[in-house]
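Trainee: Could you take me closely through one part of this model, the nonpolar core, and tell me which residues touch the most other members?

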Amino acid sequence: GTAAATAEAAPPIAPPGVTLGVEICEVQNGRTGEVHVTVVSVVPGGAAYMAGLRRGDVLTRWDEHPIRCRDDLVKVLRQTAAGAIAVLQIVRSAVHGPRQGTSVEYLRLSVRGA
């Protein structure tokens, strides 16, 4: 069966100095209780867009830092200088076409100044 999920919308991430151009929310798996940081929207032309992030992607790592909740992402962004290059690990679901299921992907992201 499918696991029920609950989503809690959060304000856009806006740490001083850097911007990703992405809005996220924490989604809790109703069966396991695990929380996932999920992309809600991506700003066209922003750093996340340029890296290839899509709505529905689940953020799991920023370089060597695990992303288990929204605060993890905010913390790592506050430690990242504008212009830095980061490797973002995501889990992406494919629901159409020959590649149905989920895959782990790595995106190279250039952090932009706010």
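Mentor: A nonpolar core is a set of buried Ala, Val, Leu, Ile, Met, Phe, Trp, Tyr and Cys residues joined through side-chain atoms within 4.5 Å, where buried means under 20% relative accessible area, exposed over 50%, and partly exposed in between, with a 1.4 Å probe and protein chains only. The model is predicted, so local features need pLDDT of at least 70 and side-chain atom pairs count only at pLDDT 80 or more, whereas totals for chains, interfaces and linings use all residues. Residues are numbered from 1 along each chain as its sequence is written, and side-chain values use heavy atoms, with hydrogens and water left out.

The largest nonpolar core has 21 residues, and Leu53, Leu59, Trp62 and Leu73 are the ones that touch the most other members. At least two residues of this core come from each of strands E3 (22–29), E4 (35–42), E5 (58–62), E7 (85–94) and E8 (101–110), and from each of helices H1 (47–51) and H2 (70–78); here helices (H or I, at least four residues) and strands (E, at least two) are DSSP runs, numbered from the N terminus. In the protein chain as a whole there are 2 helices and 9 strands, running β-β-β-β-α-β-β-α-β-β-β from the N terminus on.

Of the chain's contacts (heavy atoms within 4.5 Å) with a separation of 6 or more, 49% join residues 24 or more positions apart. As for the cysteines, Cys25 is buried at a relative accessible area of 11%, while Cys69 is partly exposed at 23%.
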